[in-house]
Amino acid sequence: MRALHLVLPTAMLAYAASACSDDPFGFDRWEANPDTVLLYSLARPELNLSSAFDFVVRQPVRVERAGSTGNWDVAVDTEGGQLVLIAPGALGIPSEARVTELTNTMFDEATQAPRDTAAYTSTRGLPLRTTSVYVFRTRRAREPIFGQSCTFYGKLQPLVLDPVAGTVEFVFDANTSLAGCNNRDLVPPR
């Protein structure tokens, strides 16, 4: 029985290692899956509007909802009449989530997240512009195959900004597969 305890972890490590290369089991397969979402500014007077987004499970989050604290990666707020993108740290919520702006960049042009961790912010709002791509690093989450703790990278680009209504519609994509664990690639391998 003792040998079985050694064989299973070894086999799991072999599968995980194969996920980093040409994986015959499909763990490293990621296909682009861009989608759009509409979020509302935290500054709007109504409660329970979707103001944040969870890129790990790809769904909007109502920040005021019980249990939502720490379960989202970016939110939309208003500063000086302009819509801004914030990470949880800007609201005092401890999180690994960070965001940075790539100015004068189109969605398809952003292929890799910046390596320099100083390029990302967790505490200040980044003004939203349709001419920029925003690269984010998610909060720490479990990848779906082996449950390994990871951060994931992705990108978003605003399509429609309405500061008066306090809304933003953006396109986004992220690799939250096993191969995306701590991987800065923003597009699938060819």
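Two strands count as paired if DSSP finds at least two bridges between them. With that rule in hand, let's explore this predicted model through a few exercises.

**Exercise 1. Follow the sheet**

Task: Work out which strands make up the open sheet and what order they take.

- Step 1. The open sheet has 5 strands, in the order S3-S2-S4-S5-S7, and their pairing is antiparallel.
- Step 2. Move to the inside of the order. Strand S4 (residues 74-79) and strand S5 (residues 82-86) run antiparallel and are joined by 5 bridges. At least two bridges are needed for a pair, so S4 and S5 qualify.
- Step 3. Find facing residues in this pair: Val76 has Leu85 in S5 opposite.
- Step 4. Go to the turn of the S4 and S5 hairpin. There are 2 residues between the strands, and Gly80 has a positive phi near 55°.
- Step 5. Finally, check S2 and S4, which pair in the antiparallel sense over 2 bridges. Here Phe53 stands opposite Val74 in S4.

**Exercise 2. Look around Val61**

Task: Decide whether Val61 is buried or exposed, and find which residues it touches.

- Step 1. Val61 belongs to strand S3.
- Step 2. Its relative accessible area is 2%. Buried means under 20%, so Val61 is buried.
- Step 3. Leaving out residues up to four places away in sequence, Val61 touches Leu49, Ser50, Ser51, Ala52, Phe53, Asp54, Ser68, Asn71 and Trp72.
- Step 4. For a sense of distance, take Val74, 13 residues from Val61 along the chain: their C-alpha atoms are separated by 9.7 Å.

**Exercise 3. Explore the rings**

Solution: Two values are enough to start.

- Step 1. A pair of aromatic rings is described by the distance of the centres and the angle of the planes.
- Step 2. The structure holds 8 aromatic pairs.
- Step 3. Trace the chain: Phe55 is in the loop between strand S2 (52-54) and strand S3 (59-61), while Phe172 is in strand S12 (residues 167-174). The pair thus links distant parts of the chain, 117 residues apart.
- Step 4. Check burial: Phe55 has a relative accessible area of 1% and is buried, and Phe172 is buried with a relative accessible area of 1%.
- Step 5. Widen the view: ring pairs link Phe53, Phe55, Phe136, Phe170 and Phe172 into a cluster.
- Step 6. For another ring, visit Phe107: Lys155 lies over its face, 4.4 Å from the ring centre.

**Exercise 4. Find the disulfide**

Task: Find which cysteines form a disulfide, and why it is left-handed.

- Step 1. Cys150 and Cys181 form the disulfide, with sulfur atoms 1.8 Å apart.
- Step 2. The torsion about their S-S bond is about -95°, so the disulfide is left-handed.
- Step 3. Cys150 is in strand S10 (residues 149-150) and Cys181 in the segment after S12, so the link spans distant parts of the chain, 31 residues apart.
- Step 4. Both Cys150 and Cys181 are buried.

Methods
Residues are numbered from 1 along each chain as its sequence is written. This is a predicted model: local features need pLDDT of at least 70, side-chain atom pairs count only at pLDDT 80 or more; totals for chains, interfaces and linings use all residues. Side-chain values use heavy atoms; hydrogens and water are left out. Rings of Phe, Tyr and Trp (its six-membered ring) pair if their centres lie within 6.5 Å; planes under 30 degrees apart count as stacked, over 60 as edge-to-face and the rest as tilted. Helices (H or I, at least four residues) and strands (E, at least two) are DSSP runs, numbered from the N terminus. Buried means under 20% relative accessible area, exposed over 50%, partly exposed in between (1.4 Å probe, protein chains only). A charge sits over a ring if NZ of Lys or CZ of Arg is within 6 Å of the ring centre and within 35 degrees of the ring normal. A disulfide is a pair of cysteine sulfur atoms within 2.5 Å. Contact means heavy atoms within 4.5 Å.
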